[in-house]
Amino acid sequence: MTDAKPLLEARQVFKGFFGNPVLKGVDIALLPGRVHALLGENGAGKSTLINLLSGALQPDSGAIVVDGKPVGRFSPAAARAAGIAVVQQELSLTADLSIAENIGLGAFPRRFGLIDYAALHRGVREVCDMVGLTEPLDMPVADLALGRRQMVEIAKALYRKPRVLILDEPTSSLSAHEAGILARLIETLRDRGTALLYISHRLNEVQALCSHVTVLKDGGVTADQSLSGIDGEGLVRLMVGRETGDLFPPRAVSSPGALRISVEGFSAGLVRDIGFSARAGEIVGIGGLVGQGQEDLLLGLYGAIPARAAKAEVSGKPGLPAHVGAANAAGLVYVPADRKHEGLVLPHSIASNLILPSLGRLARGGLRDRAAETNLIADLARRLTIKGDVARPVQALSGGNQQKVALAKWLPLDPSVLLLNDPTRGVDIETKREIYHMLRAFAAEGRLIVIVSSDTPELVHISDRVVVLREGRVAAQLSGTAITEEAIVGAAMGVNTQGVAA
Amino acid sequence: MNAARSLFRNPPLLTFVLVALVWLIASLTLRGFGAYGHLRYLLELAAVIGIAAAGQTLVILMGGIDLSVGAVITVTAILLPIISPAWDPTGLVGIALVLTIATGIGFLNGAGAAYLRVPPIIMTLAMATFLQGLLVIVAGGSAVTVSNPAVILLGQARPLGVPAGVLLWLAVSAVVLILIHRMPIGARFLAIGANPLAARLSGVSITRNTLVLYALSGFFAGLAGILVLGMNRQGYVGIGDPYLLTSIAAVVLGGTSILGGRGTYAGTIPGAILLVTTTALITVVNASPGWRSIMFGTLILALLLISGREARR
Amino acid sequence: MSAVSSPNWLYGAIQRRRNRSLGGLYLVVAAFLILYAVLFPGILSVGGFSKFTQNWFPLALVTMAQALLMLNGGITLAIGPLVSLGAVIAATTMGTALGVPGGFLAVAVTGLAIGAVIGVIVAHLRLPAIIVTLAGSFIITGVALILLPRPGGFIPGWLSNTLAGHTPVAFLLLVVVLVLWKAFLATPLGLGIYAAGDNPVGAFRSGVPVERVKIVAFALSGLLAALAGLFVAAQTGSGDPIIGAPFTLNSIAAAVLGGVGFLGGKGTMRGAICGSLLLSVMINVMFFLGFPPVAQYVAQGLIIVGAVAVPELLAQWRARR
């Protein structure tokens, strides 16, 4: 197996955007029958490398090599023809078309020029079986939850019977059950001789599935080796070059202060009739499987979606904030999970993004005070170590730095409550560490942090209390030593800690 | 070479240079084009487009579009002579009334977009359709002559040799440029245009800004209508129609992205002048209506190719 | 045995689901038609029905032309001028040696060609569709005016009588067009139009030739609009270079009425056709009730706002419950 020729390679590829070099001479070779992990902090260039390998982008220099032969203008169509399939985080599905039509998009079986729906049906049914999709195939994809849509995306890649399968954070929206199906699927494909490239921040998955690893750091390859004999610590060391010991700050002895949020009979979006309360100085984690109402809880408290409560008191005032402006005035701020589409105005500069919530406050006589703005922006950039020219478009920053901007813009408001939705998703380890330490510091200053996270170890280490949501209701409230990964996952899946299904 | 490259990256500047070039060439090749009186006349015509396009620029920056500009201009031009009270010798009351109505129409557009969630393109289209029907019913087919002194002053006076309309345009330009670049509301318009959801979650009130935005657009369209009335001395159904498309074209020619979130009024100014110059050149050629139409369309397309390219996918 | 719950006939199941999601719209259309038949029973006769569908047919075609582009995430302001041009070309070629078949071919080819050119400009030069079609509308109107400066030209009497006489030929033609559309939608290009409108990046990554799809959408749109013009010329018996002007607005209004969205990928062609039927009914009702033609505009404005606002308000109200 190890003597097999690589199916897909990148040789000394360089790629840059907006004057930023992202990949600087990267080599990678995907061999058949091997699950190859691609690790690296965000900003290290993983997504760019995937785009190059799948034909979505062209390298500035260097070559993409298929079956030993360099390809000229590599396009997604050419990649497809070469048997390369990608499953990326941004889904490529069309909301109003059915599951079957989505899976076959771009690869429809034809008969006399028309789509052969019968053949499509057969082929789609086969891959859906592999992936565990039991929904009716005529169902429009828009009606599916995010995790199911991700499975459709995976089925779509499999439909083309790929020789090379690239998976970018495939489990980010999947439940534990779905992730298990995917893991078994990967093993099956590997045994059939498919070359697999697996990108994930979840090191336990990488350890379980992959046999070889390439580590990207700052646009270059720092390791390209077999994974045998390397444990979790070793992996992280490969990525950051040092120990992970101080990833999480020490747990503080918290003496919670005044009640900042207290709601009873609260409903918003998927959330049905729950009670929730939190005090100043606490870090409250909200756990649960993806899409159980965690986001709606935050949005409802923030006044961003319609919400109702039998009784509510927020920041000392009765009632829920009617809209975002009222929430901000009450000291609540929100950092969304999707920083690209909800947290930041991507085409605008870092400076514009940082100053947006503070525009009114800094204005004098109706006009903007440019000097004051520049000072504030420089101060924020310094505090959060956002390096470089702040006039650059914020989309030129790495994921971790973008997240820092999304967070930093709120600081001038001196918020008393920070509502954070998956704040470290897709963020590199260094930045994660900075964020965790920042949150602890905020809590020590008397602020309330409510953090929604799909990363259970994160919840365990950072929260003083954890509330687990399931189907829009509170499944468990844990505090102190009762906060464990098993307890959180168990409550999320409806299993009590003795392991008996509810 | 670097100077040329930075020129191409600055759309408003590019459009200015284009206008200067066209004026230069036309003055040298066509007799009478470069005469002071003629150029001044072009600027007067451009002033109407420029003022109407002031509101349109703001709307497009925020990611919307106002298809009711032409109708509001017509409404203003027709209503002003009708509702100017006879007891007011200055005519200012009539102007105030009509501007209030224009702003009110804009406000209704904003309300429809903000509260009824009707997409602006449809809301303003529907409003324009509605107004056009209403106007014919109310005013019939006849033209109304203006007798309002303030309006006539605006349209005909030339203090220090500069047409009052152009002075008005200068004032409007100053206000709009300050609004976009030196006031918080300008930055908020741009943020909403680039990413409404992120803007909303950052505390920017979409509702309030939408109302203000379309009310402003209505106001500027009303102002343009008053100017047009003063210059023409009479208002009639359809007088505002050409200004809808020219206001949009002026904005786009000035380098503002039709998708919103990027651009400035500084480009709309030469954009308006360029459009008027184009029309004038076509008239000079004295072609049939068919050829004139073709030339106008082709020139807009050509100008668009030079200065209106959208960003890569 | 497959664990997937699978319909027996996939294509049929997909169509049924799409129809189900439009249930509300179908009901509204049915209600309006019944109301119309009650008020003006003339529609139930062959002659009355023919007249109604003759008024509906060009509107249906231009609505399809507009919906094609809106579904693909674009819009066209060139519909009206294309209709005029189609009428003008028909009226100027059918009297010559080319005759009716030649005239038909000329109209069709012109529509396709102009549409394709616009499509190339929008797709490959990446200029915004709204401005390109705006500029294009001037150019196309100019061409129509040059070919026929004043209403005139010649349409053979028998053609006018067949298409716009007392027989429901127009309705049959519409059915033919719809069948052809269904066939087109069942091709990769057809579905590609929806996909590229809803998720252009995703469609590109899936290997959908998004530029080619856009050009095809524009070309077909041009074809439909030009053919609508041919029909209008047959209706009036001559060509008129500005007869198409109201069709631009009408096509947008009808498409919106039928639930086609502006952001691409939202809505269906069948919805758009329902929208055109509704609009046609409303126009006829107003005409018969003695409203002045301009009242049509007032009503249209209100209708458009209502058509968009009401579903939105309903959705908001439902979310609050």
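Predicted model: local features only at pLDDT ≥ 70, side-chain atom pairs only at ≥ 80, totals over all residues.
**Chains B and C as folded units**

Chain C is built with 14 helices and zero strands, so that, by the definition of these elements, its pattern read along the sequence is α-α-α-α-α-α-α-α-α-α-α-α-α-α. Chain B likewise has 14 helices, but it also has two strands. In chain B, residues 24 or more positions apart account for 77% of the contacts with a separation of 6 or more.

| Chain | Property | Value |
|---|---|---|
| Chain B | Span of the C-alpha trace along its principal axes | about 65 × 60 × 40 Å |
| Chain C | Box filled by the C-alpha atoms along the principal axes | roughly 65 × 50 × 40 Å |
| Chain B | Buried residues | 56% of the 313 residues |
| Chain C | Buried residues | 52% of the 321 residues |

**A helix pair inside chain C**

Two packed helices are described by the angle between their axes and the distance between the axes. In chain C, helix 3 (residues 46-71) and helix 8 (residues 169-185) pack with their axes 8 Å apart and at an angle of about 30°, which means that helix 3 of chain C is roughly parallel to helix 8 of chain C, since angles under 35 degrees count as such. The crossing of helix 3 of chain C past helix 8 of chain C is left-handed.

From helix 3 of chain C, the residues that take part are Ser50(C), Thr53(C), Gln54(C), Phe57(C), Ala60(C) and Met64(C), and they meet Ala170(C), Phe171(C), Leu173(C), Leu174(C) and Trp181(C) of helix 8 of chain C. Sorted by class, this contact between helix 3 and helix 8 of chain C holds eight nonpolar and three polar residues, with no charged residues.

**Where the chains touch**

The contact between chains B and C takes 37 residues from chain B and 36 residues from chain C. On the side of chain B that touches chain C, the elements giving two or more residues are helix 6 (120-139), helix 12 (241-253) and helix 14 (289-307) of chain B. Of these, helix 6 of chain B gives the most, with 13 residues. The residues on this side of chain B divide into 24 nonpolar, ten polar and three charged.

Chain A also touches chain B, with 24 residues of chain A in contact with 18 residues of chain B. On the side of chain A that touches chain B, two or more residues come from each of helix 10 (324-329), helix 11 (339-343) and helix 13 (359-362) of chain A. By class, that side of chain A has 13 nonpolar, eight polar and three charged residues.

**Individual residues in chain A**

Which residues of chain A show a positive phi although they are not glycine? One of them is Gln12(A), with a phi of about 50°; Gln12(A) is placed in strand 1 (residues 8-17) of chain A, and it counts as partly exposed because it has 13 C-beta neighbours inside 10 Å. Another is Phe112(A), with a phi of about 55°; Phe112(A) lies in the loop between strand 7 (110-111) and strand 8 (114-115) of chain A, and it counts as exposed because it has 6 C-beta neighbours inside 10 Å.

Phe266(A), in strand 13 (residues 259-268) of chain A, counts as buried, because 23 C-beta neighbours lie inside 10 Å and the cut-off for burial is 20 or more. Leaving aside its neighbours within four places in sequence, Phe266(A) is in contact with Val271(A), Ile274(A), Phe276(A), Gly300(A), Ala307(A), Ala309(A) and Ala312(A). By contrast, the C-alpha atoms of Phe266(A) and Ala441(A), which are 175 residues apart along the chain, are separated by 30 Å.

Notes:
Residues numbered from 1 in each chain as written. Chains lettered and ligands numbered in written order. Helix = DSSP H or I, 4+ residues; strand = E, 2+ residues; numbered from the N terminus. Buried ≥ 20, exposed ≤ 12 C-beta atoms within 10 Å, placed from the backbone. Contact = placed C-beta atoms within 7 Å. Nonpolar A, V, L, I, M, F, W, Y, C, P; charged D, E, K, R; others polar. Axes fitted to C-alpha atoms, helices over the stretch in contact; angles between N-to-C directions. Parallel < 35°, antiparallel > 145°, perpendicular 65-115°, else oblique. Left-handed = near helix turned anticlockwise from the far one by under 90°.
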